[in-house]
Amino acid sequence: MANEEDDPIIQEIDVFLARSLLEKLYLFQYPIRPASMTYDDVTHLSAKIKPKQQKVELEMAIDTLNPNYCRSKGEQIALNVDGTCTDETSTYSSKLMDKQTFCSSQAASNVSRYAAAVYKKGELHLTPLHGILQLRPSFTYLDKADAKHREREAANEGGDSSQDEAEDDVKQITVRFSRPETEQARQRRVQSYEFLQKRQAEEHWVHLHYYGLKDSRSEHERQYLFSQGHGLAENTELIKSPSEYLMMLMPPNVEEENEKPMAPSNVLSMAQLRTLPLADQIKILMKNVKVMPFANLLGLLGSGTDPTAVLRCVQQVALLVQGNWVVKSDVLYPKDTSSPHSGVPAEVLCRGRDFVMWKFTQDRWVVRKEVAAVTKLCPEDVKDFLEHMSVARINKGWEFMLPYDEDFVKKHPDIVQRQQMLWMGIQAKLEKVYNLLKEHLTPKKQEAQSAHPLLVSGEQRVNMAKAKVKQNFGQLEKELQRQKAEMKSNESSARPDVANIRIKEEPVSLEEPMDTSAHEGLNNGLVNGLHPAQGPLDPVNGHLPGGCIDRVAQELKAFVSSTFKKQFVLTLSELKRLFNLHLASLPPGHTLFSGISDKMLQDMVLDTGCKQILVPFPPQTAASPDELKVYALWEAGDTYDQHRQVLLEIFSKNYRVRRNVIQSQLSQECGEDLNKQEVDRVLKDCCVSYGGMWYLKGTVQS
């Protein structure tokens, strides 16, 4: 109450709402002008507006007699824009920059809370504003000056001969037929910046007449800022309670939809996604990601999501391939759509993509030419199919992009069996559509047996293993009996008659002890890293029988030699990985399954002409011991042996090297100036590039 007494009401003012200039009144905000030039001195030469865009252009005269005006600069600008000649198209007819163009931009998108007020005789008259425009100088005359400059340069270069001009009149025309535009392509085109700019440029300018401040027409128009009637019937908008009146003057600040950034139609935030039903969430995620492990899908759906419900929903929009979920073809290619590349209907695209998915259920690798030959689709469509679920590998084909998800297959055998039945139905349909013969498909299935069994339950795996054991047991048993018989015959023929032998007793010298070092490593109960009870062949006094060692050594040497001729540089870890892959491709009962120890593998590497490169790894390296052992083929028998040896010597002293250092060292040691192709060949054989530095293969530490 004390505050109200200290601040008494001095005067009450009636407020009126003028509606005569409703949706016609704009507020222009001019830039700051020199102190010597007031707005009364400005002369408007022309004005035009685009009503829909609320865009205005004003052309205003510049006072060239003002002491702040630089005449020499004005003449130079006019000369650059118009050149020496003056005609109707000249921007500055007086050969002096005597005018300036201003273009408008919207200062506020929501002007409903702004009004122009006029106070007169104790009354306040308000007129709502339709727009607030900020005027800024336009420099389009500089673009015109650049165009004139380019024209003068072209003229100075000289024109072509008359014969050339005649030849220019005849031009070849290429006729192209546009492809049918899909709905998604049309939406992207409508939302593009170029399309919006084109639509804005299509709106025509409306030329305006400018009337000065003291003009009689201006005086007449200013009268519309006052309310035309003071009766209550004319101002029913103001018959409101105080709270309603304040709400009209200051509405709540609610963001309009057009103020939010426009996102593409195919982009959805995670917050918006989680407001949708579970089935729609899974469909949108699978449609965008295309290939996803089940664990990743659960992680994207958020905590607390029921895995059983997710499994039920994901089977409606995806199929199981190598333990991972791949979106169905009819989700990506709905009915009544067509290919953006060839115009092929969605039905044909779905069949072709299903064939690619089915191929990946049989093997990790797919050849693009084979898919194109079977489906008879254009290369662009086939490439789209493959990019959805695989990665291209040079000189190998397309590999499925995710590893085999063995955890999901073990946890959900019922889902795997159901998906396998679905794939059997899809396979039967594909065989009928593409005329695929079963005898042509059988060898490919046999080749894929070395990889993980795809979409096979645990019980089926056990049955397959038992069948293989029964098939190979008889052959292995016969081979074992034959080798035992040979050993017994050799032992009996070499055994002497003990009764007729007399041992000559001689004094044993203490200086010459018995040498047992050659057999210490073999009498330890292990043969090539396997216990005797586990090996397929019986050891005799620590040795493999019947020339088995020679066969194992030959097979191992052939593998090591062929591998290093392809790779040149390998770590022990990478070599063991390649050897395990090689073992997986061999038939059961092969001699290499007798057990190969790490020491035997390393000794064979050195016996095949390779050398160990002692790379000086950094002290803080996290590499394993097998990754620290680096081997390189020292002599391959080609013209680049000397270059590779120099390169390996460099990396025996440096962990990483720059290319210019390598090139200079090669040129110095080899006594010749190597070109770029030769250096690239040597680096490709032995090194990899990372972060501008070169490392030996397998030694990069992330």
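This is a predicted model: local features need pLDDT of at least 70, side-chain atom pairs count only at pLDDT 80 or more; totals for chains, interfaces and linings use all residues.
**Overall make-up**

The chain contains 28 helices and 20 strands, and of its 702 residues 30% count as buried. Among contacts between residues at least 6 apart in sequence, 66% join residues that are at least 24 apart.

In soluble globular proteins, nonpolar side chains tend to be buried together. The largest nonpolar core of this model has 53 residues, and those with the most contacts inside it are Ile-282, Met-286, Leu-297, Trp-325, Phe-360, Met-389 and Phe-400. Helix α14 (residues 346-362) gives the largest share of this core, eight residues. Leaving aside residues up to four places away in sequence, Met-286 touches Met-292, Val-317, Ala-318, Trp-325, Val-326 and Val-327. A second, separate core of 49 residues includes Cys-610, Leu-633, Val-682 and Tyr-695.

**Strand pairing**

Strands of a sheet pair through backbone hydrogen bonds, either parallel or antiparallel.

| Strand | Partner strand | Bridges | Direction |
|---|---|---|---|
| β2 (residues 26-29) | β8 | four bridges | parallel |
| β4 (residues 55-61) | β5 (residues 99-106) | five bridges | antiparallel |
| β5 | β8 (residues 131-137) | five bridges | antiparallel |
| β6 | β7 (residues 123-128) | six bridges | antiparallel |
| β17 | β18 (residues 630-633) | four bridges | antiparallel |

Met-60 stands opposite Gln-100 in β5, while on the β8 side Cys-103 stands opposite Arg-136 and Ser-105 stands opposite Gln-134. Strand β8 also pairs with β2 in the parallel sense, and there Phe-28 stands opposite Leu-133.

Three strands form an open sheet in the order β1-β7-β6, with mixed pairing. In this sheet β1 (14-17) and β6 (115-120) stand at the edges, each with a single partner strand, so one side of each is left without a neighbour in the sheet. Neighbouring strands here are turned by 25° against each other on average, when direction is ignored.

**The three-stranded sheet β16-β18-β17**

Another open sheet of three strands has the order β16-β18-β17, and its pairing is antiparallel. Its edges are held by β16 (569-571) and β17 (610-613), each of which has a single partner strand, so one side of each is left without a neighbour in the sheet. On average, and with direction ignored, neighbouring strands of this sheet are turned by 30° against each other. The bridge partner of Gln-612 is Tyr-631 in β18. Helix α24 (residues 598-607) lies across β17 and β18 and runs at about 115° to β17.

**The α26 and α27 helix pair**

Which residues of α26 meet α27? They are Gln-642, His-643, Val-646, Leu-647, Ile-650 and Phe-651, and their counterparts in α27 are Ile-662, Gln-665, Leu-666, Glu-669 and Cys-670. Helix α26 (residues 641-651) and helix α27 (residues 659-670) pack at an angle of about 125°, with their axes 10 Å apart. Angles from 65 to 115 degrees count as roughly perpendicular and those over 145 as roughly antiparallel, and α26 and α27 are therefore oblique to each other. The crossing of α26 and α27 is right-handed.

Notes: Residues are numbered from 1 along each chain as its sequence is written. Side-chain values use heavy atoms; hydrogens and water are left out. A nonpolar core is a set of buried Ala, Val, Leu, Ile, Met, Phe, Trp, Tyr and Cys residues joined through side-chain atoms within 4.5 Å. Buried means under 20% relative accessible area, exposed over 50%, partly exposed in between (1.4 Å probe, protein chains only). Helices (H or I, at least four residues) and strands (E, at least two) are DSSP runs, numbered from the N terminus. Contact means heavy atoms within 4.5 Å. Two strands pair if DSSP finds at least two bridges between them. Axes are lines fitted to C-alpha atoms, for helices over the stretch in contact, and angles run from 0 to 180 degrees between N-to-C directions. Angles under 35 degrees count as roughly parallel, over 145 as roughly antiparallel, 65 to 115 as roughly perpendicular and the rest as oblique. A crossing is left-handed if the near helix is turned anticlockwise from the far one by less than a right angle, and right-handed if clockwise.
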